[in-house]
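Subject: Structure handover

Hello,

Here is the structure I promised to pass on. Please have a look at it first, then read my notes below.

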Amino acid sequence: MQNKKLLFVTQFEELWFDALTSLMDLRKTGFNHVVFLHVIERDKVAMHRGKGYLKDEEIKLREMANVRFIDWAESLFEQGMEVGAYIVVGNPLPKIISTAAEEDVDLIVMGRHKKGKFEELYGGSETLEILERTSTPVLVYKYMLPSGKVNEKPFERPLLTMDWSPASEKAVDYLLSFRDILKKVIVMHVIGEKEFKSTSAMEIQAIRKENRQKLERVCSVFEEEGIQAESHLYVGGTFEQIEKAASEREASMIVAGTTGKSPLKEIFLGSVAKKLTKHSMLPSLLVPASVKL
Amino acid sequence: MSKRVLTVDDDPDIIMFVKTVLEENGYIPLIAMNGETGLSIARDEGPDLIILDVLMPKQSGIRMYRELKGDDALKDIPVIILSGIARRTFLRSQEALTEFGDQPVPEPEVYMEKPVEPAELAEVIADLIDRS
């Protein structure tokens, strides 16, 4: 597949230009077009008792965003990149979805907000709704430290989590499209404790062997492309073990396929993708099963 | 016959401003909200002048400008760049694209940084249209 266009969603509180700069390695994989999106939340300018629609406030917020985007765009234009920008008033979720469709982007990058309405947006479920409704992978960007330091090369050492679903197989293919900037892929699978319900050591060993073989198969896919790969089996709660593996193996980001279940189902099932979005310290690249390759 | 001027900008306020200047000075305005649509209108209508923003959705003014100057049917239409993006950035961007293998393009006839006064814009438009 050809990756060309990236939608960079920012509220200027959770995601700054340094995050985008750290993704400039993506140019080696074909990305040459960045579209900025800033959504002015309707609540900030909506009708207030005695004041009406806050037009002056909207103008102020638009111009503040515009000054920032112009500065960012100048840096990118001078590198020969193509840049577009949207500053819109509305609800973030539909605006992200409609802009992604309008611009036909190949990747959505957004941050994780901690307070207010955007907490809901970036809190997990809505990210999954974007994945379900756009078929576009989403990179939930995280600053690595409370100090705000960015991971300079998030694609260098990704941890790829495999649950053997069609979505995780798609994630393998999608990750391969970044082959020019991948150094080492850490492929992992978590065996849930439920799988150990058998009392037969033989059966448990068979489970281990089967998963190990599957992991080796995935590693060989990357190795055939000249990318180093290593495999790891963990046991326990899926999200907790993914976080543990990411820390122990010094991963630069986490990559996971998403099932395409409706956000409502995901809420009840407590999906791993949602937990990654909400709680992981690392950037998370979420790949929907419906991604076009 | 009145001359037709194509304005390409995604900001409705700027479009209204330029449209007013054009109409008050006897020109026929043509409007596009992004480079992609702007290029299509330019090809269909063959305007006498193009006023072009840089930072826009779909296709930037930088790419649209290259398309215009690389098209034999359109390359002689004078272009005013009217943008918040600095002239130096515009020129460096064009240089970078040329270095990547695209054809070199000439500098735009006029580069104006937003905001501009109506009289200033009207004067530049008249000058370019008279010249052509």
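Chain B, read along the sequence, follows the pattern β-α-β-α-β-α-β-α-β-α. That gives chain B five helices and five strands. Helices (H or I, at least four residues) and strands (E, at least two) are DSSP runs, numbered from the N terminus.

A word on the source. This is a predicted model: local features need pLDDT of at least 70, side-chain atom pairs count only at pLDDT 80 or more, and totals for chains, interfaces and linings use all residues. Residues are numbered from 1 along each chain as its sequence is written, while chains are lettered from A and ligands numbered from 1 in the order in which they are written.

**Overall form of chain B**

The C-alpha atoms of chain B fill a box of roughly 45 × 30 × 25 Å along the principal axes. The radius of gyration of chain B is 14 Å, which agrees with the value near 14 Å for a compact globule of 132 residues. That radius is taken over C-alpha atoms, and the globule rule is 2.2 Å times the number of residues to the power 0.38. Of the 132 residues of chain B, 38% count as buried. Buried means 20 or more other C-beta atoms within 10 Å of the residue's own, exposed means 12 or fewer, and partly exposed is in between, with C-beta atoms placed from the backbone. Among contacts in chain B with a separation of 6 or more, 71% join residues 24 or more positions apart. Two residues are in contact if their C-beta atoms, placed from the backbone, lie within 7 Å.

**The sheet**

Five strands of chain B form an open sheet in the order β2-β1-β3-β4-β5, with parallel pairing. Two strands pair if DSSP finds at least two bridges between them. β2 (28-32) and β5 of chain B stand at the edges with a single partner strand each, so one side of each has no neighbour in the sheet. From one strand to the next, the twist averages 20 degrees.

β1 (residues 4-8) of chain B pairs with β2(B) over five parallel bridges. Here Leu6(B) has Leu30(B) as its bridge partner in β2(B). Helix α1 (residues 12-24) of chain B packs on the sheet and touches β1, β2 and β3 (49-52) of chain B. Its direction makes about 160 degrees with that of β2(B). Angles run from 0 to 180 degrees between N-to-C directions, and axes are lines fitted to C-alpha atoms, for helices over the stretch in contact. Helix α2 (residues 35-45) of chain B lies across β1, β2 and β3 of chain B, at about 165 degrees to β1(B).

β4 (residues 79-83) and β5 (residues 110-113) of chain B are joined by four parallel bridges. Leu82(B) stands opposite Met112(B) in β5(B).

**Ala86(B) and the partner chain**

Ala86(B) lies in the loop between β4 and α4 of chain B. Ala86(B) is partly exposed, with 17 other C-beta atoms within 10 Å. Leaving aside neighbours within four places in sequence, Ala86(B) is in contact with Glu74(A) and Glu113(B).

The contact between the chains takes 15 residues from chain A and 16 residues from chain B. On the chain A side, α3(A) gives the most, with six residues. That side divides into seven nonpolar, four polar and four charged residues. Ala, Val, Leu, Ile, Met, Phe, Trp, Tyr, Cys and Pro count as nonpolar, Asp, Glu, Lys and Arg as charged, and the others, Gly among them, as polar.

Best wishes
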